[in-house]
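Let's take a friendly walk through this structure together. Have a look at the sequence and the model, and then read on.

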Amino acid sequence: MSIDWTAVSAIATGIAASVTAWMAITTKKSLQQAEKFHEQSASQARQYHQNGFRPICVLENHYGPDDPYRREDYLMVKLCGENELLISAQLKLKNIGSGPALCVRMILLFPHNNPDAGYFVELIPLPGQW
């Protein structure tokens with residue numbers, strides 16, 4: 001009984017080709033997943049970078065956060081007649097974010113009788129106020 005080495009060689013070649021094809025398929029899937037992960041990571045990094053340089057504007061007491069005055073001293077609402085209301089506010093707009101706040105706009109709405117009534121105020125950056 002002799003061994004047919006040609007048949008053994010053919011079977012081994014077939015097994016090796018099957019394993020190589022399987023490895024190629026799994027490698028392709030792994031590369032696609034790595035590319036997708038890389039795109040997501042790059043997108044998150046860009047968003048994080050943009051958020052890091054975003055301005056954050058808040059209204060603050062004009063005299064400073066540690067001012068000993070009461071709230072009534074810098075924010076006053078007074079009825080000046082039957083349908084007139086006087087609002088006096090001594091507040092400042094402060095940028096607490098790390099990015100510059102350019103072309104800041106503020107809309108004051110007083111929807112007491114007319115929900116569409118409002119006042120539009122545009123604040124421009126002043127030289128030396130950065």
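Among the elements of the protein chain, which has the lowest mean pLDDT and which the highest? This is a predicted model, and pLDDT is the predictor's confidence in each residue, on a scale from 0 to 100. The lowest mean, 54, belongs to strand β6 (residues 118–123), while the highest, 91, belongs to α1. Over the protein chain the mean pLDDT is 77, with 69% of the residues reaching 70 or more. Where pLDDT is low, the predicted coordinates should not be read in detail.

Now for the layout. The protein chain contains 2 helices and 6 strands, and along the sequence they come in the pattern α-β-α-β-β-β-β-β. Among contacts with a separation of 6 or more, 45% are between residues 24 or more positions apart.

The protein chain has 130 residues, of which 6% count as buried.

One part of the surface to look for is a nonpolar patch of about 540 Å², made by Ile 11, Ile 15, Val 19, Trp 22 and Met 23. Met 23 sits in helix α1, which covers residues 5–52. Is Met 23 buried, partly exposed or exposed? Met 23 counts as partly exposed because its relative accessibility is 41%, which falls between the 20% and 50% cut-offs.

Definitions and conventions: Residues are numbered from 1 along each chain as its sequence is written. This is a predicted model: local features need pLDDT of at least 70, side-chain atom pairs count only at pLDDT 80 or more; totals for chains, interfaces and linings use all residues. Side-chain values use heavy atoms; hydrogens and water are left out. Helices (H or I, at least four residues) and strands (E, at least two) are DSSP runs, numbered from the N terminus. Buried means under 20% relative accessible area, exposed over 50%, partly exposed in between (1.4 Å probe, protein chains only). Contact means heavy atoms within 4.5 Å. Patches are made of residues with over 30% relative accessible area and no salt bridge: like charges are joined within 9 Å, nonpolar side chains (Val, Leu, Ile, Met, Phe, Trp, Tyr) within 5 Å. Accessible areas come from the Shrake-Rupley method with a 1.4 Å probe; for residues, only the protein chains shown count as cover. A salt bridge is a side-chain nitrogen of Lys or Arg within 4 Å of a carboxyl oxygen of Asp or Glu.
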